Amino acid sequence: MAGFRRDTDKSDESTKTPFLQESTADDVKSSRTSDHASDPGERASPRPFAKDAQLLTCRFKGLLAPVFSCFKDDDSRRSLDVRPINRYAEWLKNQTIAGVVVNGVVGEGPMMRVRERKANAEYWHRAALRHNLLVLIQLGGAPLPDVLSLASHAEELHVSGVIVLPDLFYRPRTVDQLVGYCKHVASRCRTRPFLYYHLPAMTGVNLDMVEFCAKAERAIPNFMGLHYSSGDLEMGQRCLRLGRVILLGSTALLASGLMSGFSCCSLAVINIRPDLVRRICDAFDANELQRVRDTQRELNQLIEIHTQLSTNLEKWVSCMKSWLNKEFTSRANGPFGAGPARIVF
């Protein structure tokens, strides 16, 4: 299953493996850290990020799953549960998923303590190495000192890449302010590919991403692109460039995104019904546009049924997680799930 349309020249041989391994098991053992980031001056200076347009294009293609964080159903605590992570990762790999996004909005990262986010990142990174998956860590949705600590931790883990939300209290009002914030965070993980999480409906930061990408590429050496979760598909299409990765984050726009040239997506529904997402991609590859439209409609209707037409993102995440748990517990490979959502309001 190609996932997305690819060129059929010799360079396609390099795309058969979903990613180039960033670290080894020994790296994982030595990467555990406390909640406080160590002084960058005490560590050996990492080599600067070297951007290779062809390599980045090959590595970040296909389907990424923004994974649900696993919590125990222990009353109001809902503490982090790392036990299902390896089976979760194994199942995604068996569905030909290329990688995962950890501690994102779907994963309720902003609802977790720093030490929980670090532990979750470490266990997912270990599982990703075992099952040959990309692993991108979302850093934002926290006070700036915590975001910087999480960025340093991601650097030490040697994850495949990092994604960051804007500051959610001191919201950037201009593109230059947003670039400045991202540059500050990216300096703590300067050997990791860096993406900005564009989610204006939730963050309230709705700036020109075309201008942002152009300025970020000049100011941030390890800037790679966007996790694009906006309904403005035209602006997203204008951000597409060789050597720049734009992850499509809207399920409703999957078919339209394929038509517009997107080659990678990060969709919550990939955790639950990857078969339907692959069916859309396969139909697009085969130029069967009616089947693309029909399957997109079917997928949209399923999401509407399970989310009860909710326009509230917090409730939407809870409903999607409930759907995931129902699907997982009904599978023949044994009941397992991600537990309840931590969002309770």
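Two strands pair if DSSP finds at least two bridges between them. Strands (E, at least two residues) and helices (H or I, at least four residues) are DSSP runs, numbered from the N terminus. This is a predicted model: local features need pLDDT of at least 70, side-chain atom pairs count only at pLDDT 80 or more, and totals for chains, interfaces and linings use all residues. Residues are numbered from 1 along each chain as its sequence is written, and side-chain values use heavy atoms, without hydrogens and water.

Q: What makes strand β5 (residues 194-198) and β6 a pair?
A: Pairing takes at least two bridges. Five bridges join β5 to β6, and the two run parallel. In β6, Tyr-228 is the bridge partner of His-198.

Q: How many bridges link β6 to strand β7 (residues 245-248)?
A: Four, in the parallel sense. Gly-225 stands opposite Val-245 in β7.

Q: Why is strand β6 (residues 223-228) called mostly covered?
A: Buried means under 20% relative accessible area (1.4 Å probe, protein chains only). Six of the six residues of β6 are buried.

Q: How do you know that the span of helix α4 (residues 114-131) agrees with expectation?
A: The expected span is 1.5 Å times one less than the number of residues. For the 18 residues of α4 that gives 26 Å; the end C-alpha atoms are 26 Å apart, so the two agree.

Q: Why are α5 and α6 called oblique?
A: Angles under 35 degrees count as roughly parallel, over 145 as roughly antiparallel, 65 to 115 as roughly perpendicular and the rest as oblique. The axes of helix α5 (residues 144-157) and helix α6 (residues 175-186) cross at roughly 45°. The two helices are therefore oblique to each other.

How values were computed:
Buried < 20%, exposed > 50% of the residue type's maximum accessible area, 1.4 Å probe, protein only. Axes fitted to C-alpha atoms, helices over the stretch in contact; angles between N-to-C directions.
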